[in-house]
Amino acid sequence: DLGGDQPTDALRRRIGELGMHMLELASLAPSSHNVQPWRVRCLESRRWELTLDPHRFLPATDPTRREMWLSVGAFVENLHVAAANRGLRMRVQAVGDLLDGVLRIDFTEGGAPSEFEDAILRRRRTVRKNLLTRPLAPHHIEQLAKDCGDMRYHAPDSAESRDIAMAVRESTKRQNNRTDARRELSDWIHWSNKDARLRRDGLTPATMDITGIPGLIVRMFYSKEDVLGDGFAEKGNAIASEQSMEHGGWITIGGGNDSTIADCVDAGRRFERLCLHACALGIAVHPMSQPLQEVPWNNTLHETLHRGHIHFLLRVGYLEHYPEAVSLRRPVSEFAEAV
């Protein structure tokens, strides 16, 4: 429900139903822990500014805000798709640094329709379970790489894939041993349906693919304190170990570095384009960021894989059935304002 209060009415008057709908589609982008870190200031109907929401940072696992800007890049790509499908061309300018930056966004008439329909934005989701273990077909790898820049696929039986699996297992153990990282995770898991509906962000049993009887049990009985316990960490380690072996390969997205907003936003946009192509092909994409967050793997993985800087490490695989999107999103009025 986007109506009723004065700030929302002012926003709707400023950008119209068209702008409201574009922002709603953009907000379907993925983000670390589903924190949805974007904040939009609508200066004019077609002149906006996009910044980070300081209440949504992840200082334990993302102290440089690298992943926040990668997530914003995915948001920007969805916004581009939504704008193009409405005849608008979008221009983006990055100003400032990772800690205190802004994106200036302008729209003009004349955009060609995107190759992606709005429906694919709604359908795309992170898939963690039931990945098949057969390698991706060459023509599908080619489609995923379209407009993705520096992307590499590592087949499941390759030496690089085994090195990645080891890095995932060990870095997950390291992260789960860190009290600050576990506490940060606990703050963003909403076990009960009531909390999930109230917040409309973060992780839920459904988004973590905890379904059936196990899903019912955790919704009824789990709390934030359970995430801080050793048992939860051990279970997380076991799941990561299993996931590291069950997939159709790994994809790494590189190019540039993590020192500028422009590089991070560009990488996030390329990642989201890959995700949209994957969704259309029925291929699961599961970001596994622990090796990029934890020492020493964040400094050595690129050397192990004989490639440049790595923005994303993605576990991928075919699915018998691409599941429905279940991740909640905040209403536009909670992240955008007319100023």
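Axes are lines fitted to C-alpha atoms, for helices over the stretch in contact, and angles run from 0 to 180 degrees between N-to-C directions. Helices (H or I, at least four residues) and strands (E, at least two) are DSSP runs, numbered from the N terminus.

This is a predicted model, where local features need pLDDT of at least 70, side-chain atom pairs count only at pLDDT 80 or more, and totals for chains, interfaces and linings use all residues. Residues are numbered from 1 along each chain as its sequence is written, and side-chain values use heavy atoms, with hydrogens and water left out.

**Stop 1: α1 and α2**

Select residues 6–26 for helix α1, then 66–84 for α2. The two pack at about 140°, with axes 8 Å apart. They are therefore oblique to each other. Now show the contact (heavy atoms within 4.5 Å). Met22, Leu23, Leu25 and Ala26 of α1 meet Phe75, Asn78, Leu79, Ala82 and Ala83 of α2. By class, eight of these residues are nonpolar, one is polar and none is charged. Here Ala, Val, Leu, Ile, Met, Phe, Trp, Tyr, Cys and Pro count as nonpolar, Asp, Glu, Lys and Arg as charged, and the others, Gly among them, as polar.

**Stop 2: α2 and α11**

On α2, look for contact residues including Arg66, Trp69 and Glu77. On α11, those in the contact include Cys264, Arg269 and Leu276. The contact divides into ten nonpolar, four polar and five charged residues.

**Stop 3: α5 and α10**

Select 159–176 for helix α5 and 230–243 for helix α10. Their angle is about 165°, and the axes lie 9 Å apart. That makes α5 roughly antiparallel to α10. Val168, Arg169, Thr172, Lys173 and Asn176 of α5 touch Ala233, Gly236, Asn237, Ala240 and Ser241 of α10. The classes here are three nonpolar, five polar and two charged.

**Stop 4: two loops**

Go to valine 295 and proline 296. A cis peptide bond joins them, with omega about 5°. Proline 296 sits in the loop between α12 and α13. Next, find asparagine 130 in the loop between α3 and α4. Its phi is near 65°, a positive value in a residue other than glycine.

**Stop 5**

On a 1 Å grid over the protein atoms alone, a cavity is a set of points where a 1.4 Å probe fits but cannot get out, and a pocket is an open set with protein on both sides within 12 Å along at least five of seven lines; lining residues have an atom within 4 Å of a point. Grid points are joined across faces, edges and corners, and a volume is the space filled by probe spheres set on the points.

The second largest pocket holds about 320 Å³. Of its 17 lining residues, Arg66, Asp258, Leu292, Gln293 and Asn298 are closest to the centre. α13 gives the most to this lining, with four residues.

Finish at the largest cavity, about 40 Å³. Select Arg124, Arg125, Thr126, Cys275, Ile283, Val285 and Tyr322 to show its lining.

Note on methods. Parallel < 35°, antiparallel > 145°, perpendicular 65-115°, else oblique.
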